[in-house]
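Hi,

Here is the structure I promised to pass on. Have a look at it first, then read my notes below.

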Amino acid sequence: MVTSQLLAYAALFFSCVFKASSLDTFIAAVYEHAVVLPNATLTLVSSGEALALMNRNLDLLEGAIISAARQGAHTIVTPEDGIYGWNFTRDSLYPYLEDIPHPQVNWIPCNNPNRFGHAPVQERLSCLAKDNSIYVVANIGDKKPCNASDPQCPRDGRYQYNTDVVFDSQGRLVARYHKVCTLLKCKTTDFHTCGDSVAVASTRFEMFSLSGTFGTPYVFPEMLLSEIRLAPGEFQVASDGRLFNLKPTSGPVLTVTLFGRLYEKDWPSNTSSDLLAQTLQIMLAVIILVAYSLRG
């Protein structure tokens, strides 16, 4: 599920940028931080407490957005769950949600923050995009009312969506993607994919080059064509770490990715002790078999 969500997130992001911009190339920043988490995610808090927590994470995002814009980035992708965290129940998550309208309404929250009700998070993201003339991609929560006429409507009368949003360089909401909605079902949370799956692309590239700055020497490339097909022999990694194509792509490109791997942050491994235990078990089994054969 995580992989498909990330593919959808990336596809949404690049689609919005290419459609909304006449640039042949653009600079994108991808940012991640240690999310400030609530003290207790299972406890219901007030909307004011929820907003205070989200503003602490937005303060961190603000610094990254300003820095990216100053370095010439045209867009910045912020972290998954980067504004309020994770491990909530359906009810304890509710104070962190806002009503996110469809982008067709042509709304700049920074200019008209209360047009669709109280939306301080959307207002702040919009203003950060507008004030720094940069596209901002963020992950927040949406809420939508429903009623008994909808057979899928949860008992509490609302849908809750894990949502990706994009604000353009003028602060306008230009994309909203409902990734996953949570539905209450017999006191357990059932997850249903609400957005369209992203597996098909239509854009071909004559040439592309992707590079990034990583805090690790372990960086792994990946290129996927439309319908999630691998592209062996169609790309190469240069000595400076750039990922580029060797020839025009044989099909539409779905994703081009560089993954940085921080092995030193893995949990301490018990590989040696596990191997010793397995060896002892095998030896014990052999001894038992030998003993039985000698008795026979």
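Strand E7 is joined by 2 bridges to strand E11 (residues 243–245), and the two run antiparallel. Strands here, like helices, are DSSP runs numbered from the N terminus (H or I, at least four residues, for helices; E, at least two, for strands). Two strands count as paired if DSSP finds at least two bridges between them. One of the partners to look up is Ser209, whose bridge partner in E11 is Phe244.

E7 and E11 belong to an open sheet of 3 strands, in the order E7-E11-E10, with antiparallel pairing. Its edge strands are E7 (209–210) and E10 (235–237), each of which pairs on one side only.

A word on the source: this is a predicted model, where local features need pLDDT of at least 70 and side-chain atom pairs count only at pLDDT 80 or more, while totals for chains, interfaces and linings use all residues. Residues are numbered from 1 along each chain as its sequence is written, and side-chain values use heavy atoms, leaving out hydrogens and water.

**The whole chain**

The protein chain has 5 helices and 12 strands. Of its 296 residues, 40% are buried (under 20% relative accessible area; exposed is over 50%, partly exposed in between, with a 1.4 Å probe and protein chains only).

Is Phe259 buried, exposed or partly exposed? Phe259 is partly exposed, because its relative accessible area is 41%. You'll find Phe259 in strand E12 (residues 253–260).

Cheers
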